[in-house]
Structure formats: structure tokens, C-alpha cells
Amino acid sequence: KFGIELPKTVAEALEIDRRTGTTFWKDAIDKEMKNVRVAFDILPDGTRVPQDYQYAPLHMIFDVKMEDFRRKARLVAGGHVVKAPASITYASVVSRETVRIALTAATINNVDVWAADVLNAYITAPCREKVWTTLGLEFGEDQGKKAIIVRALYGLKSSGAAFRAHLQGFMKEMGYKACKAD
């Protein structure tokens with residue numbers, strides 16, 4: 001992408017860094033792992049995974065950001081191999097038209113509009129699914145250990161709905177009310 005080799009695995013990313021004499025991919029992996037590690041409850045050696053938990057593999061997705069060619073790594077769960085949870089997995093979002101109307105009304109009435117980006121948004125919410133995994137190379141000394149996924153990871157079927165419900169709870173606490181129209 002943009003003339004930069006994209007790895008498919010963590011091992012391949014580290015090999016590219018070694019070959020090119022850089023740490024771009026390692027730095028991207030380390031940044032992601034610093035943020036996402038809270039999503040895992042690592043089981044002590046010899047501990048059995050509870051029977052009602054399903055296995056979900058993990059893998060790293062790699063990309064290059066167009067604005068500055070920064071390398072990006074995102075750890076995702078293979079939710080496609082996990083049965084859909086009984087809870088709701090649909091996460092509604094505001095329509096584009098509603099956002100445009102709101103921005104137009106704000107402009108006409110000279111109202112400031114504030115926006116924010118929630119970094120690693122999904123992992124702020126608890127995981128709704130009962131899933132476990134085996135930790136990979138990106139976990140360093142914890143590689144090969146079993147862990148329960150306790151936060152909503154990208155790739156799990158209910159993560160979008162879990163984050164939306166989590167955010168809605170905070171918005172209600174701050175006094176916001178949901179719009180009945182959208």
C-alpha cells in the first residue's frame with residue numbers, strides 16, 4: 001500500500017522491520033497492545049477454560065495511514081467462528097441526514113459543535129460474549145497462554161452493540177436524552 005509492504009501476520013511484520021532496519025511495524029504493534037491488553041483476563045497456567053465459553057482466534061490487521069504513512073496495527077477477534085450471542089448484536093447509528101440537519105441548525109443559530117474520537121472505542125465496553133483465546137506472539141512473554149476476553153474486541157459479533165449500550169449509559173448519566181426520531 002503506497003509502495004509499503006503490508007504484513008499478514010505479526011511474525012511477518014517483525015521480519016519486514018528486521019529486513020528494512022526499522023521498527024515501524026513493531027512500534028505499531030506495541031502501541032496497539034498497550035491499549036488492548038485490558039481486554040484480556042489471562043488464566044493462570046493449568047487453569048481450565050469454563051465449559052460454556054467458546055474459542056475465538058485473534059489476529060492482527062495491518063494498514064498504512066495515508067496522511068503520514070504511519071503504520072497501524074489492530075488486534076481483532078475471529079468472531080466469525082463464534083455462535084451469535086442471545087443478546088442483541090445490532091447497533092443503530094444516527095443517520096447522515098440527521099447529522100446534516102443538526103449541523104445546519106447549529107450553524108444558523110451560531111452554536112458551537114464539539115466532536116470527539118474515542119480511541120479503541122469497543123474495548124471501553126464489557127464483552128457480552130463468553131469467549132476465550134490463546135495469546136499470540138504480540139503478547140510477548142504471555143504468548144501461548146489462555147485468556148478470557150473481558151472487553152468488547154473488534155471482530156466479535158456483539159461488540160458494536162456492547163459499545164453503543166455502554167456509551168448510551170454514560171450519555172444518560174450526563175443528562176443527554178435520546179432523540180425519538182433517530
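## Overall architecture

From the N terminus on, the elements of the chain follow the order α-α-β-β-β-β-α-β-β-α. The chain thus has four helices and six strands, where helices (H or I, at least four residues) and strands (E, at least two) are DSSP runs numbered from the N terminus. This is a predicted model, in which local features need pLDDT of at least 70 and side-chain atom pairs count only at pLDDT 80 or more, whereas totals for chains, interfaces and linings use all residues. Residues are numbered from 1 along each chain as its sequence is written, and side-chain values use heavy atoms, with hydrogens and water left out.

The C-alpha trace spans about 55 × 45 × 25 Å along its principal axes. Of the 182 residues, 31% count as buried; buried means under 20% relative accessible area, exposed over 50%, and partly exposed in between (1.4 Å probe, protein chains only).

## Packing of H1 and H2

The axes of helix H1 (residues 10-20) and helix H2 (residues 24-36) come within 7 Å and cross at roughly 140°. Axes are lines fitted to C-alpha atoms, for helices over the stretch in contact, and angles run from 0 to 180 degrees between N-to-C directions. H1 is therefore oblique to H2, since angles under 35 degrees count as roughly parallel, over 145 as roughly antiparallel, 65 to 115 as roughly perpendicular and the rest as oblique.

On the H1 side, the contact (heavy atoms within 4.5 Å) is made by Val 10, Ala 13, Leu 14, Ile 16 and Asp 17, and on the H2 side by Phe 24, Trp 25, Lys 26 and Ile 29.

## Nonpolar cores

A nonpolar core is a set of buried Ala, Val, Leu, Ile, Met, Phe, Trp, Tyr and Cys residues joined through side-chain atoms within 4.5 Å. The largest one has 29 residues, of which Phe 40, Leu 58 and Leu 153 touch the most other members. H1, H2, strand S3 (58-64), strand S4 (71-77) and strand S6 (146-149) each supply at least two residues of this core, and H2 gives the most, with five.

Leaving aside residues up to four places away in sequence, Leu 153 touches Val 36, Ala 39, Phe 40, Leu 58, Ala 77, Tyr 122, Ile 123 and Ser 159. Another core, of five residues, lies apart from the largest one and includes Ala 121, Ala 125, Ala 152 and Phe 163.

## Helix H4

Helix H4 (residues 159-173) has 15 residues and reaches 21 Å from its first C-alpha to its last, close to the expected 21 Å. The expected span is 1.5 Å times one less than the number of residues. Ser 159, Gly 160, Ala 161, Ala 162 and Phe 163 of H4 are buried.
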